[in-house]
Amino acid sequence: MLSLVAAHLACLGLVGVDLAARTVRLRALSSGLRHPMSYRASLLANLLADAGSALTPLRLGGEPARLLGLLRARLPAIAAFSLMGIEALVAWPLTLLVGAGLMAGFAPAWFDQALPGFVGELRRLALPFAVVLATSAACALVGWRWLRAAGHRPRRSVRRLRVYWRRMRHGPLLASVPLTLVNVATRTALLPVLALALPDPPPIGVMLVGSFALVYGQLLLPTPAGIGAVELGFLAGAAGAFGARGAMLLGWWRFYSVGLTAVLGTGAALGWLGWGRACRLFGNRATA
């Protein structure tokens, strides 16, 4: 069990460690491509991507925002695009591997202790669930239109991505593996750490499975930061039943898992670009 103050300090530490790990990973991979960037530029690119992802449907503003941050660090355009592709090639398999490990270890407990209540709550919340589905469908339509407008440009650069992949040095690529695991672990740990300040939190295995599903499930949801569906899943008991304090816990978890870095990234964008250009970055530039 943790005190409320200790839980919040631990979450701030987890967010800081996550940012540091992603900053070092991006910098290491850029060095592996022989286009090294500074840690400050790497941090800025990640914060811009966090803000862009949180504010746009299907996270479509995230990659243009990251690309702009990399171009600001004076990476060649194709090197910057390749760097993002290589980072994704490293991150996604490891993320899925961690998810598979959590399911193998804790899925029986989740199915036994969380699933019945989760299904029952979804039935009770039928109307909000229908509203979330309709909103998600509308955001998906907008997002797919953006994808169709922007889809031809990445396809033209796939062959050059292969060239840069072959140039990547093995050392930075291997170093990115533990950094990615730190990223996944810290983001997954936020919810259980906050819940440890409650008098009677759900079992840790149930919270870990639910936290992972809520954090990474929102990457596949069409609404910005998965808003609506994530909140509904949380309150329905996807990570266990939190009782009367569930709404407060949800607010703090969303702040640490999405809001804090989105605010920092938006502030960085406003300070660097000004209001007008920042709006285009997180809006119209998603179609570029």
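Visitor: How many cavities of 30 Å³ or more does the structure hold?
Guide: The structure holds one such cavity. Please keep in mind that this is a predicted model, in which local features need pLDDT of at least 70 and side-chain atom pairs count only at pLDDT 80 or more, while totals for chains, interfaces and linings use all residues. Residues are numbered from 1 along each chain as its sequence is written, and side-chain values use heavy atoms, with hydrogens and water left out.

Visitor: What makes a space a cavity, and which residues line the largest cavity?
Guide: On a 1 Å grid over the protein atoms alone, a cavity is a set of points where a 1.4 Å probe fits but cannot get out, and lining residues have an atom within 4 Å of a point. By that test the lining consists of L14, V15, D18, T186, R187, L190, Y256, S257 and T261. The elements giving two or more residues to this lining are α1 (4–32), α9 (170–195) and α12 (246–273), where helices are DSSP runs (H or I, at least four residues) numbered from the N terminus.

Visitor: How much space lies in the largest cavity?
Guide: About 60 Å³ lies there, the volume being the space filled by probe spheres set on the grid points, which are joined across faces, edges and corners.

Visitor: Why does D50 count as buried?
Guide: Buried means under 20% relative accessible area, exposed over 50%, and partly exposed in between (1.4 Å probe, protein chains only). D50 has 16% relative accessibility, so D50 counts as buried, and R22, with a relative accessible area of 7%, is buried as well.

Visitor: What links R254 and E231?
Guide: Their side chains meet in a salt bridge at 2.8 Å, N to O, which links R254 in helix α12 with E231 in helix α11, 23 residues apart. R254 counts as buried because its relative accessibility is 12%, and E231 is buried with a relative accessible area of 19%.

Definitions and conventions
On a 1 Å grid over the protein atoms alone, a cavity is a set of points where a 1.4 Å probe fits but cannot get out, and a pocket is an open set with protein on both sides within 12 Å along at least five of seven lines; lining residues have an atom within 4 Å of a point. A salt bridge is a side-chain nitrogen of Lys or Arg within 4 Å of a carboxyl oxygen of Asp or Glu.
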